[in-house]
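Biologist: Hi! Could you walk me through the packing in this one?

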Amino acid sequence: MTRSDRDAVVDALRAHDRFVVTSHDNPDGDALGSLLAMHLALGALGKDSVMVLGGASPLPGEYGFLGLSEHGLLREPPADVAERVLVAVDCAQESRMVESRLLDAALTIDIDHHHDNTRFGDVNLVVEDASSTGEVLADVFRELGVGLTPAIAESLYTAVVTDTGRFQYSNTTPKALRLAAELVEAGADVTKVFVEVYESTPFPKLKLLARALERATELADGRVVVSELRREDFEAAGAEEPYSEGIIDHLRAVDGAELVALVRELPAGAASARKGSLRSQPDGVDVSAIARDFGGGGHKRAAGFSTDLAMDEITRRIVTAFVTANGNSR
């Protein structure tokens, strides 16, 4: 990222009046918090903004407190999308937007922090060393002169706290911590965000977690842990699709595990048969490289992919990639 990249985004946001804001499929806290913050900031500038997240799957319930629906979230593009400027936040690839009609927009602005972002926008701002897209947006808002209202602050705080793993992951920088303090001073409710995101687990999600832990397998002398969730697991637990969010973090906590993977079978009619999530330890294997072998991507320590491959083949490829990356050491 250069100063000129941020200036180009700021100039584009100032120069246009009508926007459609979106993020990636299976949105997490950074995606949803950044989505709402961008929408609110555009509104504060007197712009006409709509939010769109494609697909029919329900959004993760733990982020319901953000009030996306109350702020007018749409599940398909507006009829006038071709007359609007698209702002894609926290989205490394245009294919992850799900709703291809968004690409009909007059101009695309790409704001992100994933190191493997494809720079698919007409204007791109990708800050690879930022803790979150929320952190990138905070700098953009400052340049735009948008004040931190409590609603904007809480949206950005949600983005930062979730993508840093409650300020525990290696992307927790001094800048991220200073920003968090600024957001709390501006009105972000730390306790509310913590309770809603981390301590409001639906019982079916707990049952789904139990299924994932039961299916977990240690491989490569315990250095790799792989688990899967089948459709029967969702049905038996009475769990909705977003309930798999966060389960992989329990696998990451296994002593000695350097790479963990959770693969879930998708509902009938989905674009692919399975979706995989990968995590590694600080200074561990680059899981985004493994994900790219499956056509996916993400961060070096957290990545994902979609595939039609069978579970056995997925597991084999993950273990092979891990052993190759580590030179079969230890």
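This is a predicted model: local features need pLDDT of at least 70, side-chain atom pairs count only at pLDDT 80 or more; totals for chains, interfaces and linings use all residues.

Biologist: Which residues touch the most other members of the largest nonpolar core?

Modeller: Those are Leu13, Met38, Val87, Ile109, Ile111 and Phe141, in a core of 52 residues. Helix H2 (residues 29-44) gives the largest share of this core, with 8 residues.

Biologist: And what is methionine 38 in contact with, leaving aside its neighbours within four places in sequence?

Modeller: Methionine 38 is in contact with Leu13, Val21, Val87, Val89, Ile111, Leu137 and Phe141. There is also a second, separate core of 19 residues, and Phe294, Ala303, Phe305 and Ala321 are among them.

Biologist: Switching to rings: how many aromatic pairs are there?

Modeller: The count is 3. One of them joins tyrosine 157 and phenylalanine 167, which is tilted because the planes are at 55°, with the centres 6.2 Å apart. Tyrosine 157 is in helix H4 (residues 150-163), while phenylalanine 167 sits in the loop between H4 and helix H5 (174-185).

Biologist: Is tyrosine 157 buried or exposed?

Modeller: Tyrosine 157 is buried, at 7% relative accessible area, whereas phenylalanine 167 is partly exposed at 23%.

Biologist: Why is the pair of phenylalanine 294 and phenylalanine 305 called stacked?

Modeller: Their planes are at 15° and their centres 4.2 Å apart, so the pair counts as stacked. Both residues, phenylalanine 294 and phenylalanine 305, are buried.

Biologist: Last one: which ring does arginine 231 lie over?

Modeller: Arginine 231 lies over the face of phenylalanine 234, 4.5 Å from the ring centre. Arginine 252 lies over the face of tyrosine 169, at 4.5 Å from that ring centre.

Methods:
Residues are numbered from 1 along each chain as its sequence is written. Side-chain values use heavy atoms; hydrogens and water are left out. A nonpolar core is a set of buried Ala, Val, Leu, Ile, Met, Phe, Trp, Tyr and Cys residues joined through side-chain atoms within 4.5 Å. Buried means under 20% relative accessible area, exposed over 50%, partly exposed in between (1.4 Å probe, protein chains only). Helices (H or I, at least four residues) and strands (E, at least two) are DSSP runs, numbered from the N terminus. Contact means heavy atoms within 4.5 Å. Rings of Phe, Tyr and Trp (its six-membered ring) pair if their centres lie within 6.5 Å; planes under 30 degrees apart count as stacked, over 60 as edge-to-face and the rest as tilted. A charge sits over a ring if NZ of Lys or CZ of Arg is within 6 Å of the ring centre and within 35 degrees of the ring normal.
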